[in-house]
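Thanks for coming, everyone. I'd like to walk you through one model today, so let me put it up on the screen.

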Amino acid sequence: MIKTEQLSKHYGTLAAVDNVTFEVRPGEVLGFLGPNGAGKTTTMRMLAGFIAPTSGKASICGHDVVEDALAAKSCLGYLPEGAPAYGEMSVRGFLEFVADLRALGSARHSRLDYVIGRLQLEAVLEQSIETLSKGFRRRVGLALAIIHDPPVLILDEPTDGLDPNQKHEVRTLINEMARDKIIVISTHILEEVDAVCNRAIIIARGRIVADDSPHGLAAQSRYHNAVSIRLERPEHLAEMRSAIAALPVVAEVEVSDRESRLTALPRAGATILPAVSELAARRGFALKELHLESGRLDEVFRTITI
């Protein structure tokens, strides 16, 4: 388990992290979200033992990150933003070097084979790290974080610099590892939260401002249970908008002329899909698309972090 109690980090009068308390248990993939400067990376660095807290406590698998630092770090795989590496070393040499530092013993060969194959590093094994693309450097960094098969992973922007196919592979790997690990992902990519996280904490100005499942957070959006419509005949857009706006359960209608799309937002507590569907059928509007929204995490994020 990861546990923090009133964890704080001050730089002079600046409270980068201010009394942050949370727990993460096995099987949870926690998305740690916040705008730039919110305290995400500082919190991750304190958990990983790279910087000491000003006050409060943090522990990894029961080991205090300050008082029992070596034991805490042995349970942890950490991928920092811009993970450092020896640029002149080959990928193979660097992975073997880290495997020796981790004292993997009889598991050394199998763990090297696993991370090389799982992160598709075969093609660059003899290449020096300084010549790698940003995407391959990120994959090497992730390989280092998981090479010793730790029970806890802290990943700061794990898909930064990856192309869409590589992002899919990394997200699949995270979902596989989540079955028996604790994983914390610091990210500003909200689609990543939807893809891999079953819980999300939002931090702003050093404090936690939300802690819920991604679905629960999205449900706080004014777009929760909104209905999005695209028409077969764009010339009917204005007429459709007026008709839907007149429905008593509809609070507002937004229109995107470029996509011939309108979005009907419900009044508080209302369900509008049946009324919108019945209206379209009764008025003879041909629909290309009818979509019930679960909410928009980006809108919630903006609302509570501004």
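This is a predicted model: local features need pLDDT of at least 70, side-chain atom pairs count only at pLDDT 80 or more; totals for chains, interfaces and linings use all residues.

Residues are numbered from 1 along each chain as its sequence is written, and side-chain values use heavy atoms, with hydrogens and water left out. Helices (H or I, at least four residues) and strands (E, at least two) are DSSP runs, numbered from the N terminus.

Okay, back to α1. Six of its eight residues are buried, so to speak mostly covered, with buried meaning under 20% relative accessible area, exposed over 50%, and partly exposed in between, using a 1.4 Å probe and protein chains only. The buried ones are K40, T42, T43, M44, M46 and L47.

What does α1 sit against? There's an open sheet of four strands, in the order β2-β1-β4-β5, with antiparallel pairing; two strands pair if DSSP finds at least two bridges between them. At the edges we have β2 (14-24) and β5 (63-64), each pairing on one side only. Helix α1, residues 40-47, packs on that sheet and touches β1 (2-11), β2 and β4, its direction making about 120° with that of β1. Contact here means heavy atoms within 4.5 Å. For the angles, axes are lines fitted to C-alpha atoms, for helices over the stretch in contact, and the angles run from 0 to 180 degrees between N-to-C directions.

I60 has H63 in β5 as its bridge partner.

Next, a helix pair. α3 (residues 91-101) and α5 (residues 134-146) pack at an angle of about 20°, axes 10 Å apart. The two are therefore roughly parallel to each other, which is the label for angles under 35 degrees; over 145 is roughly antiparallel, 65 to 115 roughly perpendicular, and the rest oblique. Which residues make the contact? From α3 it's V91, F94, L95 and V98, and from α5 it's V140, A143 and L144. That divides into seven nonpolar, no polar and no charged. For the record, Ala, Val, Leu, Ile, Met, Phe, Trp, Tyr, Cys and Pro count as nonpolar, Asp, Glu, Lys and Arg as charged, and the others, Gly among them, as polar.

Most residues other than glycine have a negative phi. A103, though, has a phi near 50°. You'll find A103 in the loop between α3 and α4 (108-118), and at 63% relative accessibility it counts as exposed. E157 has a positive phi too, about 55°, and belongs to the loop between β7 (152-156) and α6 (164-177). Is E157 buried or exposed? At 8% relative accessibility, E157 counts as buried.

β9 and β10 (residues 207-212) run antiparallel, joined by five bridges, and I201 stands opposite D211 in β10. Two residues lie between the strands, and R205 takes a positive phi near 55°.

Last stop, the other sheet. It's open, has four strands in the order β12-β13-β11-β14, and pairs antiparallel. The edges are β12 (250-256) and β14 (287-292), and the twist averages 15° from one strand to the next.

Look at β11, residues 227-231. Four bridges join it to β13 (residues 261-266), with S228 opposite T263 and R230 opposite R261. Five bridges join β11 to β14, where L231 stands opposite L287. Four of the five residues of β11 are buried, so this strand is largely enclosed by the rest of the structure.

α9 (residues 237-245) lies across β11, β12, β13 and β14, at about 165° to β12. α10 (residues 273-283) packs on the sheet too, touching β11 and β14, and its direction makes about 170° with that of β14.

And to finish, α11 (residues 297-305): its buried residues are L297, E299, V300, F301 and T305. Their cover includes β3 (29-33), α7 (190-196), β9 (199-204) and α8 (214-218). That's my tour, thanks.
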